[in-house]
Structures are given as structure tokens and as C-alpha cells.
Amino acid sequence: MIKAVLLSVLAGLVVMTQPGQPDPDCLGTVRPQYAPLNSPPNIGFARVASGQPTAPGTGCFSNPDAPATWLTVASLVTSTESAAALMERFGAISKLLPVQYWSTTEHQWRPMVSAAAAIVSSDSRQPRADFSLAELLAPGDRYYSLTDTRSGRPTVYRLRVRSPRSTVVTVDIANVDSIKQWGITLYAPDGLHTLYILQQRAPGIWAYYSITRLLPGSFLAEGHDKSYINRAVALYRYLVGIPTNTEPPAAR
């Protein structure tokens, strides 16, 4: 009942944008090409030069016409879960620990992160309990820390809920910290920026779409297309309730 009331109260609200940020109305223009129901998702991965046509939803990002690499995941899935339950999954940061992705280097499933925790703020970075639904829907940003199993370094991310509705879940996530390896910046803040849109199409059927903008800060961050795809699909599977190590992998 509390979840239903929260979603109902916030159903008509629109998240106010900050200066320089895109308007939330851009979401109305997102029309992805979804895979057939319960099929492997459609994957898009493209490096786009300045001013070239891009994937649906790029207008939801600041400076959408800048050169970038775009990664999209689009699928229709059967699920009996409510928007509230799906939203809570975004806030359950500690539950990311069991998530696995297919390593194209080692040719096996491996954990994506070795540590995952919600934190109080981007300044204090003190660990805290996972975010509740009420916290996610309240005004303001939420922050969490992930330690990638490859780099072994914790990275803080910002989570923002956009335009909440009773049948639509829209979440915006970007890195706050620079992502470095061997002292080299692979991604500056906001270099890994993802928008997630889950929309109920009919009772028990959800449309999933994620679009990630990658802005590599070094050539060392490039050339890992299959790894990025497999990680994006691992998160897709986690968020819609599919075992993340389900065969076959998205990219070998």
C-alpha cells in the first residue's frame, strides 16, 4: 500500500533539470527497436562522429551531438513485478555482488564487482544500507560505490530517478569519480553515463531500454566492445530478473 501511494503521489511529477542538462521531455521521443518478447535483447554499439545520427534517447544527454560511443540494449520481457519492485532493484546496490558477466578474455562467467555499497553522499562516501523506494523517489541524487573486479578500485556513481510514473521506471546513472588504470584516466566524470527506461506495455509485459554514452579519456579504454556489451547485458538481466549467467553470452 505504501509503495502504491508513493508512486501515485509522484506519478505526475517531473524532475527539474539543472542548468545545462537536457529536458526530461526528451523521453517522449525515445522509440527503440525492441527484440521479440522474451528473446535475447537487441544490442546496438556504434562510434558516432559529431553531428551524425545517433540512437533513440541521445537527446536525453547533455551535448548529445558530441563525438561519442553509444551502447543500447532493447528487449520485451515477461514479468509480474510492479514498477515499485523494479525501482527498488536499482536501489539494492548490495545485490549487485552476485551479478556475473561473460569474460571474452577468460572465456568464462565472472563477477562484475567485488564490492558494492550505497553511500551517504559523494563527499562523505560512508557506507549505508541500500536505498529504499521512498528514498529513490524523493528529490535529489543518490550515490553508491562499486569496485570493479578488473581495476580493483572503487568508483562512485550518481543515481537519479527521472519522471517517475506508476507504469514507467526511468533511472539515470553516471560515474562521479574518474575511472583510472595505471594512473591513466580512462573515463573522466560522466564518461560512463546510462539512462534506463522500463515501461509496462501490458499486464505482465515490460519494455526495457538502456542507452549508455561512453566518452573514453584514453585509447586504453577503446577496443573493448564485447566486454562493454556483456556488462550491459548482465545488468539488463539483473534488473529484469533473469539469471545473469544464462547461456548464451551476448558476445563471445
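These legends describe close-up views of a predicted model. Local features need pLDDT of at least 70, side-chain atom pairs count only at pLDDT 80 or more, and totals for chains, interfaces and linings use all residues. Residues are numbered from 1 along each chain as its sequence is written, and side-chain values use heavy atoms, without hydrogens or water.

**View 1. The largest nonpolar core has 48 residues.** A nonpolar core is a set of buried Ala, Val, Leu, Ile, Met, Phe, Trp, Tyr and Cys residues joined through side-chain atoms within 4.5 Å. Buried means under 20% relative accessible area (1.4 Å probe, protein chains only). Phe90 and Leu198 touch the most other members. Helix α4 (residues 225-240; a DSSP run of H or I, at least four residues) supplies the largest share, nine residues. Another core, of 14 residues, lies apart from this one; Cys26, Cys60, Trp70 and Tyr209 are among its members.

**View 2. Leu198 and its contacts.** Contact means heavy atoms within 4.5 Å. Leaving out residues up to four places away in sequence, Leu198 touches Leu86, Phe90, Thr167, Val168, Val169, Trp206, Ala207, Tyr208 and Val240.

**View 3. Thr212 sits in strand β12 (residues 205-216).** A strand is a DSSP run of E, at least two residues. Thr212 is buried, at 11% relative accessible area. Beyond four places in sequence, Thr212 touches Thr69, Trp70, Leu71, His193 and Thr194.

**View 4. The lining of the largest pocket.** Its residues divide into 30 nonpolar, 13 polar and six charged. Here Ala, Val, Leu, Ile, Met, Phe, Trp, Tyr, Cys and Pro count as nonpolar, Asp, Glu, Lys and Arg as charged, and the others, Gly among them, as polar. A pocket is an open set of points on a 1 Å grid over the protein atoms alone, where a 1.4 Å probe fits, with protein on both sides within 12 Å along at least five of seven lines; lining residues have an atom within 4 Å of a point. Helix α4 gives the most to this lining, seven residues.

Key. Buried means under 20% relative accessible area, exposed over 50%, partly exposed in between (1.4 Å probe, protein chains only).
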